[in-house]
Amino acid sequence: MNIYYIGGSPCSGKSTMAEILAKKYDLYYFKVDDFIDKYMQLGAVKRYEICKKMSEMSWDEIWMRDPVLQCIEEVQWYEEIFEFVCEDLSKISCKKEIITEGAAYMPKLMKEINVPFNRYMALTPEREFQLFHYSKREFVPYILRDCTDKKIAFANWMERDILFAKDVQKQCEITGYKSIINRGERSEEEMVSEIARHFGF
């Protein structure tokens, strides 16, 4: 099965790039975020520490914590659910090649399952790019609606993702996987072309 992975951090353009590539090259698109709640519950049932903890927390309890702790636990959470992501990928019955994206595809996890260098890349946003685009996302007010201090909660959330992006970039340096930082300076077409060349499309 030919699978191409786009990892990285939230609000970096992973979904946009994968959707364009899937349409342009007739690929099957598997979006990890569509199954996040399912993976959380599977982990909780197996009593995985972070899955269980997160499944029992309110949004206020989640976002009012120290962003450093949030980032550490986010990494641990993706490690816990990775087996479920891989299991779902293995069950896909399709003659097409597969492109898949999600923050769960951390470089160190890709290395552990021996994903070739030309089948994976990480996309992370520059800080200002992230803050600008997150502020426009419609789901943000919904997630923050029950937080006692929405401003602090949002700031903590953003800092967590900034820290996570830096962690992914560092992992790429260690593993040798390709890393692209999206600063918003290049067009979608330019970004798609670079990723397509890396994957050999």
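This is a predicted model: local features need pLDDT of at least 70, side-chain atom pairs count only at pLDDT 80 or more; totals for chains, interfaces and linings use all residues.
Reader: What makes β1 and β3 a parallel pair?

Author: Two strands pair if DSSP finds at least two bridges between them. Strand β1 (residues 3-8) and strand β3 (residues 98-101) are joined by 4 bridges and run parallel, so by that rule they pair.

Reader: Why is β1 called mostly covered?

Author: Here "buried" means under 20% relative accessible area, "exposed" over 50%, and "partly exposed" in between (1.4 Å probe, protein chains only). Of the 6 residues of β1, 6 are buried. In a regular strand, side chains alternate between the two faces of the sheet. Both faces of β1 are covered, with buried Ile3, Tyr5 and Gly7 on one side and buried Tyr4, Ile6 and Gly8 on the other.

Reader: How do you know how many helices and strands to count?

Author: Helices are DSSP runs of H or I with at least four residues, strands are runs of E with at least two, and both are numbered from the N terminus. The count comes to 10 helices and 5 strands.

Reader: What makes Ala44 buried or exposed?

Author: Ala44, in helix α2 (residues 36-45), has 16% relative accessibility and therefore counts as buried. Neighbours within four places in sequence aside, Ala44 is in contact (heavy atoms within 4.5 Å) with Cys51, Lys52 and Ser55. Its C-alpha lies 9.9 Å from that of Ile81, 37 residues away in sequence.

Reader: And what about Glu49: buried or exposed?

Author: Glu49 belongs to helix α3 (residues 49-55). Its relative accessibility is 62%, so Glu49 counts as exposed. Between Glu49 and Glu80, 31 residues apart along the chain, the C-alpha separation is 8.4 Å.

Reader: Why is Asp26 called partly exposed?

Author: Its relative accessible area is 47%, so Asp26 falls in the middle class. Asp26 sits in the loop between α1 (14-25) and β2 (28-31), and has a positive phi of about 55° although it is not a glycine.

Reader: What class does Arg47 get, and why?

Author: Arg47 has a relative accessible area of 59%, which means it is exposed. Arg47 lies in the loop between α2 and α3, and is another non-glycine with a positive phi, about 60°.

Reader: How do you know whether the radius of gyration agrees with a compact globule?

Author: The radius is taken over C-alpha atoms, and the globule rule is 2.2 Å times the number of residues to the power 0.38. For 201 residues a compact globule would be near 17 Å, and the protein has 17 Å, so the two agree. Along the principal axes, the C-alpha atoms fill a box of roughly 50 × 40 × 30 Å. Buried residues make up 49% of the 201.

Note on methods:
Residues are numbered from 1 along each chain as its sequence is written. Side-chain values use heavy atoms; hydrogens and water are left out.
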